[in-house]
There are 2 protein chains.
Amino acid sequence: MRELHSVHVVLREVQKYLKPPAEVGVPVESSLGLYSAETVLSTFKLPPRPKSVVDGYALRASDVEPASPSSPVPLRLLEGILRPTVNYPLSIGPGEAVRIETGALLPEGADAAVPLEDTFEEGGRVYVLKRVSVYENVSLPGEEYDEGLTIIRRGERVKPQSIAGLILEGRSRIKVFDTSVRILNVGDEIVSGTFFRPFTHFFVKSWFEQHGFRVEGLSLARDDVGEIREWLEGGEAYISVLLGGTSMGGHDFTVKALESLDPEYIVHGFAVQPGKTACLAVREGRPIVAMSGLPVAAMSTLEVVVKPLLRSLGLEVPEYPKVKAVLTRRVTVKMGVVGFVRVRVYRCGGGLCAEPLMVGGSGSLTSLLRGNGFVVVPEGVEGYEEGEEVEVYLYRGVE
Amino acid sequence: MRELHSVHVVLREVQKYLKPPAEVGVPVESSLGLYSAETVLSTFKLPPRPKSVVDGYALRASDVEPASPSSPVPLRLLEGILRPTVNYPLSIGPGEAVRIETGALLPEGADAAVPLEDTFEEGGRVYVLKRVSVYENVSLPGEEYDEGLTIIRRGERVKPQSIAGLILEGRSRIKVFDTSVRILNVGDEIVSGTFFRPFTHFFVKSWFEQHGFRVEGLSLARDDVGEIREWLEGGEAYISVLLGGTSMGGHDFTVKALESLDPEYIVHGFAVQPGKTACLAVREGRPIVAMSGLPVAAMSTLEVVVKPLLRSLGLEVPEYPKVKAVLTRRVTVKMGVVGFVRVRVYRCGGGLCAEPLMVGGSGSLTSLLRGNGFVVVPEGVEGYEEGEEVEVYLYRGVE
């Protein structure tokens, strides 16, 4: 048996060989969930000037300082009504006022608004019955939208409010990271279709899609170094994933094909249980991940190796919701090995319990369907006791 | 001012008028994130019979009971090798064994496997040096995939492991709920394009898309009851959303248009802050939601009214990750009113703090971009004190 590589050591070593994914422009409208390659800050204020939040009159607060119901202050009424939809240049001087609707910008010279109910009109004048402070009844510049806000960070997935901000900024396109993935399914038994359909392919493909990656169609190869190598030499996707052919005792056509390409970096065998047969390589700066074709081993590699790898490239791959739950059985992992433990979280007492599902090993889709979460046991820990509280990542809801 | 309606009362009342969304068939491969209209249980076991997990020999455990290195048990070797990719009918009798590879099914009559290293061959016989128990070195039927597992629940969003299960079941299509949405943007100022782009539209559209809904393109209408009514009378989408024209003091073209259609159910005005001008109607069993065109009010309506409404229809709309954080300022809401409080969560001390962002009211995209979460203050609570620990829904990561 070959030496198993420490996940965190590999993730550190591989850094100097990897090039980040390319940056590509896409329409803002179809960027939801993609990884932004730009940090975009907002560049202007809304309202641009103080804006009335009442129907009434725009005026200078200092003019109505002495106003009261018993001694209304008369102001000369300028012609017209300022409306939210019509913006015309106007400026008011001392002793003047102009009608204004809710949502309209104050004219130059005004610094407050007084609501209709505190006024009356008579003979071309408006009488103000109540004093107002400077900026009373207005929303201030920047309250709705301000300069210097982070609309989207480089590496962040585009969210609904980022799209709103980009649209408001007048942006029609945004640069995102090219997060394209292609997947090769290796195995005579898959090509021949003898026993089962390549369901792990669809699991892995959906996993990437769920995390905002774009996955190319289904490719198959026999247990044949030449055939696998040919696939590896073609293709433009940033990430190449190979399922199957990674065994550590002979049945390792995928690893041999990778080695034959003389990549800048390659390791085979990770100190992870399950998923130890995974292989990580870098060729022309792009990551190639080979993993077991068995679903649990593949999921372990995706969560324990691939997700941190993508994060180290600056992509803020989201985490599943985390909950604390009490283990119903002891879990043990060999020292120095990362444990990927499938669990079923359920309500018990006032809290949550997590039942470890060890059934069936790496090939057990049963454990992924019966379960709804997983616990990652770090390298330096040998496991957790029954009754211990652990942190569980939930990939499915608690029933 | 009209009476404001209690959210939970409306959500209860509206039930009897709503028809759930239609069920439509889609390819399994493109069903990720959609809401399943079926509960699918697994129908078979893998392996179908015990399967060897070693390279060695299939045999009957009882035959090798007395085996030890000093007294190996000889078994008659049947011809051929059982491989994972080749399945032929074979049965072994007492005193017989057959070569088997890892992953191959045991033949009829065998109940265990012994690894190569515990055997040697000589003169057409295999000598077994070590006893094995019944089912030793095999994986049992159902370990990898079992009967009766829930591959997907009705109402659940389709996940990567559900797709794997459906593919394994040989399913090419799945019935999902028709979660189509169409959005009308109401307002002279939007149609004329005077002041700003309809960024709230893109926020709301993305919100629905993020939650697995399919949204039709951009529609605009003037502040005109006839124009809005015409849009309402067309269209096939399950959910109709209208942005703007919901004011409670006159500027309510959207509400008037809805009322003119004589819907089965309509309420205008919710006890929610912000977002009180929202209007919910049911026409021909389908929900129509009108909400403010201001982004914070719209988000409040989406989270406080629309999300629970969709859940009550049986769609398991996912929740954002929840964290506990300490309020840095007091938050107050009127008794009987649900508060939708935007906050910025940040690390402080060993935990998390939540700063309420009250800046700018309903129109403040600033508060959505500066913030990363929200607190929902229920109807029966008047608010929370500074220093109190509250539950925050995070729509963006904590920096």
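## Close-up views of a predicted model

**View 1. Asp146(B) and Lys45(B) meet through their side chains in a polar contact of 3.2 Å.** This is a predicted model, so please read each distance as a computed value. Asp146(B) sits in the loop that runs between strand S10 (138–139) and strand S11 (150–152) of chain B. Is Asp146(B) buried or exposed? With a relative accessible area of 16%, Asp146(B) counts as buried, because the cut-off for buried is under 20%.

**View 2. Asp146(B) has neighbours in chains A and B.** Leaving aside residues up to four places away in sequence, Asp146(B) touches Thr366(A) and Arg370(A), and also Ser42(B), Phe44(B) and Lys45(B).

View 3. In the domain assignment of chain A, domain 1 covers 7–22 + 178–312 and domain 4 covers 322–394. Their C-alpha centres lie 25 Å apart, and each of the two domains brings 15 residues to the contact. Which polar links cross here? The rule finds five residue pairs in polar contact and zero salt bridges.

**View 4. Helix H7 (295–312) of chain A gives the most to the domain 1 side that touches domain 4 of chain A, with seven residues.** Helix H1 (7–13) and strand S17 (272–273) of chain A also give two or more residues each to this side. By class, the side has 11 nonpolar, three polar and one charged residues.

Conventions
Residues are numbered from 1 along each chain as its sequence is written. Chains are lettered from A and ligands numbered from 1 in the order in which they are written. This is a predicted model: local features need pLDDT of at least 70, side-chain atom pairs count only at pLDDT 80 or more; totals for chains, interfaces and linings use all residues. Side-chain values use heavy atoms; hydrogens and water are left out. Domain bounds come from an automatic or database domain assignment. Contact means heavy atoms within 4.5 Å. A salt bridge is a side-chain nitrogen of Lys or Arg within 4 Å of a carboxyl oxygen of Asp or Glu. A polar contact is a pair of N or O atoms within 3.5 Å; within protein, one must be able to donate a hydrogen and the other to accept it, and residues adjacent in sequence count only if both atoms are side-chain atoms. Helices (H or I, at least four residues) and strands (E, at least two) are DSSP runs, numbered from the N terminus. Ala, Val, Leu, Ile, Met, Phe, Trp, Tyr, Cys and Pro count as nonpolar, Asp, Glu, Lys and Arg as charged, and the others, Gly among them, as polar. Buried means under 20% relative accessible area, exposed over 50%, partly exposed in between (1.4 Å probe, protein chains only).
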